[in-house]
Each structure stands twice: as C-alpha cells, then as structure tokens.
Amino acid sequence: MSTILITGASSGLGAEMARQLAAKGHDLALCARRTDRLEELSAEILGAHPERRIAVRALDVNDDDAVFRVFGEFADDLGRIDKVIVNAGLGKGARIGTGGYAANRATAMTNFVGALAQTEAAMEIFREQQAGHLVMVSSMAAMRGMPKEIATYAATKAAVAHLAEGLRTELYGTPLAKTVKVTVLYPGYIISEMNDYAQPTSPLMATTEDGVKAMVKAIEKQVADACVPPLPWAPLSLVMKHAPLPILKRLV
C-alpha cells in the first residue's frame, strides 16, 4: 500500500477520497485550511481503520512557501509520499466584464497558481525518490471554453490538465517515466460541498460516494486520464469537444 497526500481534504471530494483510500489500505497525508475538519476526518477514519497512519496539517495552497514546507514535512513525517492528489480548488466566479474580477481572480490563483505550486512541490519529492504518482483533479468543464459564471473556472481546469499532460510528455522516454506516473481526472457532476445547493435528481449527477469511487478506481489503475464517472461522461466528452457552438450553448 502507498502513502497518499490529498490537498483540500477537509470536505467534499477530498474528504471522501481520504475515506475510500484509507479503506483500501493506504496511509494518508491530509491538508486544508480548516484543521478542525481535518481532525474530525482523521478521527473518523482511524475509528474505522485504526491500523492506518494519518498526518494532518493546515495548508492554504495560495501560500507558495507553505506548500513546499508542508509537502516536505509530510514526507519527513511518513517516510515518503507515493501519490499527491492536487484537489484543492475554488468554484466561484462571475461573467467576464460584469464587475466580478475579484471572484474570478481568486479562482484563477487557487485553481491554477496554487496547483502549479503543488505540482512543483510534488515533483521535487518524486524526483528525489525517483518514484511517485501525480494526480491532477481537473473537470469536465475543461473540455471546452464555458460561458457565464464558470468561464474562469473552466479555463483554470483546462490549464491544470495541460500542466499535467505537459509533465507527462516531458517524462516520456526517460527513465523516470517508468516510476513517475501522471493522471488527470475529469470529474463530471458529482455532489460535493462546492455544489451543495444541487440535488442528485438528474441522471448526470452522481452522489459523492459513487463519483469518488470512480475517481479512486482510476487513481489506483494509474491511468493517464479518465472522465469520472465514465458513464455518461466519457462519451459526453466527445460531444463537448466537437459539438458546433449553437448545440454547445444549448447543453451548457
């Protein structure tokens, strides 16, 4: 089993990934801004799986220095970090040019610059270990430029997917490619704290447990990329990428 670092682990998809990965025998390094939530999650997981090792630290991914420090401290605490799941993110935003720049900037800084810092810190550890697995949580919104309030969010998720894919391309054909893996996940509609106003009434909306189950399966297989859950999102990804603009606008 491996030691897995999850950012944004205090709620939503991050917390559920922690639960499911612990149940599969993995040790955890959990970080987020809300340490009270992390402590509660750690106690819950240890209650069900007392044999697990869990380290918890506060982290705001917008603090570059803290990202590198906390990742290094986790590696020291647990001996090594086998996987890093870049999960922390924001979903707020406004239509471009309507006075919502502050919200869009916050999303851009957290979702892209924060993810860049996490990727840098993870890869420093993996290069030193000569092994590791980077998991980038993108979104189905990355498949195409999205309108209205999610325009910036979608752009950041496309950017982080390209960041991870660029790293995979860099590693290809090198000795590290055999031991350092890169996975990009494209979650569809999954109930989480980010969208807790939604209800799973649509056939496209997965529960947190089911959606994360698909994410964990892809992570453990170390696939290059995956739309999760695969149905209906894998076939829908083709529609999203190639649909003419009039059709796309009806869908979104």
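**Entry 1: the aromatic pair**

I began with Tyr189, which is partly exposed at a relative accessible area of 44%. For my own reference, buried means under 20% relative accessible area, exposed means over 50%, and partly exposed lies in between (1.4 Å probe, protein chains only). I am working on a predicted model, where local features need pLDDT of at least 70, side-chain atom pairs count only at pLDDT 80 or more, and totals for chains, interfaces and linings use all residues. Residues are numbered from 1 along each chain as its sequence is written, and side-chain values use heavy atoms, with hydrogens and water left out.

Next I looked up aromatic pairs and found one in the structure. The ring centres of Tyr189 and Trp233 are 5.0 Å apart and the planes stand at 80 degrees, so I noted the pair as edge-to-face. Here rings of Phe, Tyr and Trp (its six-membered ring) pair if their centres lie within 6.5 Å; planes under 30 degrees apart are stacked, over 60 edge-to-face, and the rest tilted. The partners come from distant parts of the chain, 44 residues apart: Tyr189 sits in the loop between strand E6 (180-187) and helix H6 (208-221), and Trp233 in helix H7 (residues 230-242). Helices (H or I, at least four residues) and strands (E, at least two) are DSSP runs, numbered from the N terminus. Is Trp233 buried or exposed? I find Trp233 buried, with a relative accessible area of 4%.

A reminder to myself: most residues other than glycine have a negative phi, and most peptide bonds are trans. Which bond is cis, with omega near -15 degrees? I traced that one from Val228 to Pro229, and placed Pro229 in the loop between strand E7 (225-228) and H7. Another cis peptide bond joins Leu231 and Pro232, with omega about 10 degrees; Pro232 lies in helix H7.

I then checked phi. Lys148 has a positive value near 60 degrees and lies in the loop between strand E5 (132-137) and helix H5 (151-171). Lys148 is partly exposed, at 43% relative accessibility. Gln222, not a glycine either, has a positive phi of about 55 degrees. I located Gln222 in the loop between H6 and E7, partly exposed at 34% relative accessibility.

**Entry 2: one more residue**

Last, I looked up Asp63, which I found in the loop between strand E3 (54-58) and helix H3 (64-78). Asp63 is partly exposed, with a relative accessible area of 38%.
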